[in-house]
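Let's walk through this structure together, one region at a time. Keep the 3D view open as you read.

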Amino acid sequence: MKKENISIKKMEHTRIKELLQSEDFGKEVIVKGWVRTFRNNQFIALNDGSSINNIQAVVDFENTPDSILKRITTGAAVRVKGNLIESQGKGQRVEVKATEVSIIGDSDPEKYPLQPKKHSLEFLREIAHLRVRTGTFNAIFKVRNALSFAIHKFFQERDFVYFHSPIITGSDAEGAGEMFRVTTLDPINPPLTEDGKVDFKEDFFGKSTNLTVSGQLEGELAALAFSNIYTFGPTFRAENSNTTRHLAEFWMIEPEMAFYELEDNMDLAEDLLKYVIKYALEQCPEEIEFLKNRLLEEEKSKPQAERSELNLVEKLNFVLENNFERLTYTEAIEILLRSKPNQKKQFKYLIEGWGADLQSEHERYLVEKHFKKPVILTDYPREIKSFYMKQNQPDAQGRHTVRAMDILFPGIGEMVGGSQREENLEKLLTRMAEVGIEAEEMEWFLDTRRFGSVPHSGFGVGFERLVLFATGMTNIRDVIPFPRTPKNAEF
Ligand code: 4AD
Ligand code: MG
């Protein structure tokens, strides 16, 4: 990120990023970092993570003991003292003419898994503890860092309160039953009730609990006190989806606003996404340029038809410069029914008519083929959405819809899911009974509708899907440091 050079602590060494921008030629400097490569017993490419770029340190090998030279290996941590000079070679502006090299931490080149060559993303996923030392992952996690800061900045500038919803809950916010249970009971021999069921009264919390799937319900409580709040934290879904878009542990941003109707909700979501993408472009120009080139390189191996029309930077700017297309679910179904892949039976799941749940192939058709820009779909059928969404009056054909909104992005599909909430107690209770959610467990939530209920709205942004879009990566496992997916919780 671009920022003033503020040292947190006086160190004897200077960060590589600062030196790469410096013009203090001749100045004596100390650098510390990890060796990316060591060529000809002379040229160290050194990286300390402050920049995706390395600094070159030129070793005076004639005056450096062999015992040191042979320990300058890929992955080793070294300290280099020397003078900053204008670089003789091409590829870099400055370099360090070393007068003294010392080893801080050795790295056995026979065993170090990261060789100075191109590794596949699949291989790097297996060594996620070390992949952070590569240029690609340095760039990705710098963009991730900038985006998370931008999210706070956006909301703080608008006077939203950052509200911490609990990680362990007794409720299923989405009503989809995809929860990880939290228990300290003995799995082999749990206490049983008289009718032979596991007795969760004996459990740690005295009831059955799980990891949260969403902070929304608690967010609603807070919105009815502060007016505008947001949560930003990890959420957990035990859905067995092995796709490039799903994680079992992912981060979600969930703003919730009292006195907001669906239109206001959509405006806020669109503003937020544009703001944070703009911030990342401004703060991480080098990282995004690097990722743009990575993607161009990757796409070279694909047939022309599958390559992106826009490069990463163009794609991000395109989102900033264009209004998201807004239409209803009903209008989208009409487009899909008339679409070529539906008529020619190319969709895996054919759209037969109103009421169909949209699969990612349909969402991607709308966004990538039909509108060619982000799309906000609203007013979905009540039956395919969560219980808490505000119900519309039935339409002329008696069809029931809810004030839902999903934001679909090119290459990603669903980036945001949200709605106006049902603020009417009776309607909410009826809907809960219809879908089998017990009101007794939710009295605290229902109190918002009993005491000073107001129209309110909110949405959830899947943070990793946002990072995917901003980095041009294609697998969600590559934009979170340690991905959790079915059958995988390494590190
Ligand atoms: O659409 P979802 O399930 O909505 C909610 O959880 C609401 N409670 C949000 C709200 O209104 N406050 O999830 C929201 C977003 C999705 O649009 C998607 O981007 C992301 O979270 N998401 C996932 N991301 C990664 N892996 C998964 N398994 C995800 N499930 C949802
Ligand atoms: Mg959703």
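## After α15

Which residue takes a positive phi just after α15? Gly472 does, with a phi of about 70°. Helices here are DSSP runs of H or I with at least four residues and strands are runs of E with at least two, both numbered from the N terminus.

Buried means under 20% relative accessible area, exposed means over 50%, and partly exposed lies in between (1.4 Å probe, protein chains only).

## How to read the model

This is a predicted model, in which local features need pLDDT of at least 70 and side-chain atom pairs count only at pLDDT 80 or more, while totals for chains, interfaces and linings use all residues. Residues are numbered from 1 along each chain as its sequence is written, chains are lettered from A and ligands numbered from 1 in the order in which they are written, and side-chain values use heavy atoms, with hydrogens and water left out.

## The protein as a whole

The protein contains 15 helices and 16 strands. Along the principal axes, its C-alpha atoms fill a box of roughly 85 × 55 × 45 Å. Of the 491 residues in the protein, 48% are buried. If you take contacts (heavy atoms within 4.5 Å) between residues at least 6 apart in sequence, 69% of them join residues at least 24 apart.

The accessible surface is about 24,800 Å², and carbon and sulfur atoms account for 50% of this area. Such areas come from the Shrake-Rupley method with a 1.4 Å probe, and for residues only the protein chains shown count as cover. As for charge, there are 65 positive and 77 negative side chains, with the centres of the two sets 6 Å apart. Here Lys and Arg count as positive and Asp and Glu as negative, leaving out His and the chain ends; each charge is placed at NZ of Lys, CZ of Arg, CG of Asp or CD of Glu.

## Around ligand 1

Ligand 1 is surrounded by 24 residues, and the closest are Glu174, Gln216, Arg237, Glu254 and Glu414. A residue belongs to these surroundings if one of its heavy atoms lies within 4 Å. Polar contacts are pairs of N or O atoms within 3.5 Å; within protein, one atom must be able to donate a hydrogen and the other to accept it, and residues adjacent in sequence count only if both atoms are side-chain atoms.

A polar backbone atom of Leu247 is 2.9 Å from a nitrogen atom of ligand 1. In the side chain of Glu254, an N or O atom is 2.7 Å from a nitrogen atom of the ligand, and one in the side chain of Glu414 is 2.6 Å from a ligand oxygen atom. On its own, ligand 1 has 630 Å² of accessible area, and the protein covers 94% of it. Two or more residues of the shell come from each of β11 (249-258), β15 (413-420) and β16 (456-462). The most come from β15, with 5 residues.

In α10, the buried residues are Tyr329, Thr330, Ala332, Ile333, Ile335 and Leu336. Their cover includes β12 (325-328), α11, α12 (360-371) and β13 (375-381).

Ser339 sits in the loop between α10 (329-338) and α11 (340-343). Is Ser339 buried or exposed? Ser339 is buried, at 3% relative accessible area. Leaving aside residues up to four places away in sequence, Ser339 touches Phe347 and Tyr365.

## Two loops with positive phi

Most residues other than glycine have a negative phi. Asn41, in the loop between β1 (28-39) and β2 (43-47), has a positive phi near 55°. Asn41 is partly exposed, with 36% relative accessibility.

Phe259 also has a positive phi, near 65°, and is found in the loop between β11 and α7 (262-283). Its relative accessible area is 55%, so Phe259 is exposed.
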